[in-house]
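Today I am opening the notebook on a new model.

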Amino acid sequence: MKSTRSRRKMAPAASDAGDSGEKLEQLLISSAICNGEDLGPFVRKAFASGRPETLLHHLRHFSRSKESEIEEVCKAHYQDFILAVDDLRSLLSDVDSLKSSLYDSNSRLQSVGGPLLSSLDSFVEAQNVSKNVDYALQSVTLCIKLMELCSRANHHLSNGSFYMALKCLDSIENDFQDKTPSSTLKKMLESKIPEIRSHIERKISKEFGDWLVEIRVVSRNLGQLAIGQASAARQRAEDLRTKQRQAEEQSRLSLRDCVYALEDDDEEEGLGGYENEAYSYGNNSVLGFDLTPLYRAYHIHQTLGLEDRFKQYYFENRKLQLTSDFQVSSMTPFLESHQTFFAQIAGFFIVEDRILRTGGGLISKTEVENLWETAVSKMCSVLEDQFSRMQTANHLLLIKDYVSLLGVTLRRYGYTVGALLDVLSKHRDKYHELLLSDCRKQISEALAADKFEQMLMKKEYEYSMNVLSFQIQTSDIIPAFPYVAPFSSTVPDCCRIVRSFIEDSVSFMSYGEQLDFYNVKKYLDRLLSEVLDGALLKLISSSVHGVSQAMQVAANMAVFERACDFFFRHAAQLSGIPLRMVEKGKRQFPLNKSRDAAEEMLSGMLKTKVDGFMTLIENVNWMTDEPSQGGNEYVNEVLIYLETLVSTAQQILPPQVLKRVLQDVLSHISEKIVDTLLG
């Protein structure tokens, strides 16, 4: 009873559990369908559990539940649809009325707007035509301006006005090339403008090349003219110094009526104006010293934007020209070509100085200084080589004079010439050795040609040339002519040689700022004491025969003593030393050896002659009873000879020389008599 009751109580629980499971499954299927999920798991489960009918039951149940919802929705939508249809029917009638109204309006608009549209089309067409015409006019105006500019450029090109032509090309490029409407014209400009620029560059480069060729000739002429003017300025200064020396000499001789015509103002103007002349070469029409082609080429290259390239091109070409100027021809002696050689270099640097000052930066001061250092180095090496080969003093002097004039000329333009002057100083000793050698030959020839006869002068100019010019006169009174001088022709000949030596020596050493007189005096002492004195000693020892010749030589030596004073005064004057400073010191006679030898020879010959008269002195009767009325005949012969000798010697020998010689002879006679008496 209890078990049955209990089962009955459990059965409803199982039945309730099954109903809730089915409801849950139905909810899951409904949820899956609503969410659009896959129903495959439910189908597999139904077939797996063997209850597909349950699944179908659930699906039918879901379908019935949705049908009611669909029906409710349809009912609601149907009401809305009916309302919409009613609205559309009322709208359709409104549309028909609007359509008829629009049609009427369109018909009226068409009838009114047709003519307006036609007019508008005509206006638009006319406006387009006007725009096209305006554009065409603008294009034609632009092309006309462009063609005028092109024509102007061609005109400048044909006239050689390259700068103006380039300015036209720049204007074409900047203002017209991009705006040109014609593609053909634009292509033509793009191709022709570079060609024209290249053409201008070639033309101006050719002009510059022609100028480079021309300036070499101009530089040589310019250098010769500048050095010539330096020489003229030096000559004017020398003339001024000569007048000063003459005035000083006249004052020294107390000639109070002399006229001091120094012409300071004129000479200073001439010397001071030289620099201005030198700096005015650029406008010299004779030489054609024209820098216009150079500056024109420089300006054109600046316009072309090639300034740096042209500067380099110019410097390299000028450097090559200078290197070419350094070439010394082996076919022509340097003595003949040295003026051209140095004038070419001088002209080169005169031109470069002008370009440095007026070229607008075409060449820098450093570049010019580098070129000058190269030139100085080369000139020094050339001078060293040429001086080492020369064996003639006059050749060295000629080249030295031109080099010193070159230094004076270029120093005015600010160039340093110390190295060139150092080369001249280095060869000073060699020059004087050669000069001494030349003078030795000339003096030997002059002495060899001497006839030991008193010199006869028939005219006053001969007296001035042979006596006054060397200040060897004994009186300031001009003698009567014809005049027989106490010396032979050797004296003025040797004086001319010595004076020429002094002038050549001073000339060679006068290249510096100040001439050293003591160097001149040193070489003059060598000439007198070594060359002239030695030549006279040789003459006395080998060529003098007889008392008359010995007397003439002794007389010449006395004149030489006065001439030596003139030599030192002349050297001092040429050196710019006041005479009072030279005359202060007591100088030894540089020809004292030959003077003593001449007097000794004359005394010896007289002694020998007297000895001939004195040989018979042993026959003299020293114990005679009565003295002879006429004296001793042997002694009388000696006296007669001495009186004749003195009367002749007084005409040519200075009193002091004659006194020394007679004292020596009389001492010899006295010694002879004393020896005889003692014997």
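I take helices (H or I, at least four residues) and strands (E, at least two) as DSSP runs, numbered from the N terminus. This is a predicted model, so I keep to pLDDT of at least 70 for local features and 80 or more for side-chain atom pairs, while totals for chains, interfaces and linings use all residues. Residues are numbered from 1 along each chain as its sequence is written, and side-chain values use heavy atoms, with hydrogens and water left out.

**Entry 1**

I looked up Pro482 in the loop between α14 (460-466) and β2 (483-484). The peptide bond leading from Phe481 to Pro482 is cis, with omega near 0°.

Gln471 lies in that loop between α14 and β2 too. I noted its positive phi of about 55°, although Gln471 is not a glycine.

Phe452 also has a positive phi of about 55° without being a glycine. I found Phe452 in the loop between α13 (428-448) and β1 (456-457).

Are these two buried or partly exposed? For accessibility I use a 1.4 Å probe and protein chains only: buried is under 20% relative accessible area, exposed is over 50%, and partly exposed is in between. Phe452 is buried at 12%, and Gln471 counts as partly exposed at 22%.

**Entry 2: α8 against α10**

The axes of α8 (residues 307-325) and α10 (residues 365-389) come within 11 Å and cross at roughly 15°. The two helices are therefore roughly parallel; my classes are under 35 degrees for roughly parallel, over 145 for roughly antiparallel, 65 to 115 for roughly perpendicular, and oblique for the rest.

Which residues of α8 and α10 make the contact (heavy atoms within 4.5 Å)? I list Phe315, Lys319 and Leu322 of α8 with Glu367, Leu371 and Ala375 of α10.

**Entry 3: α10 against α11**

Here the axes come within 12 Å and cross at roughly 170°, so α10 and α11 are roughly antiparallel. From α10 the contact takes Trp372, Met379, Leu383 and Phe387, and from α11 Leu396, Ile399, Val403, Leu406 and Leu410.

Helix α11 (residues 393-411) has 19 residues and reaches 26 Å from its first C-alpha to its last, close to the 27 Å expected; the expected span is 1.5 Å times one less than the number of residues. I also noted that α11 is mostly covered, with 14 of its 19 residues buried.

Technical notes:
Axes fitted to C-alpha atoms, helices over the stretch in contact; angles between N-to-C directions. Contact = heavy atoms within 4.5 Å.
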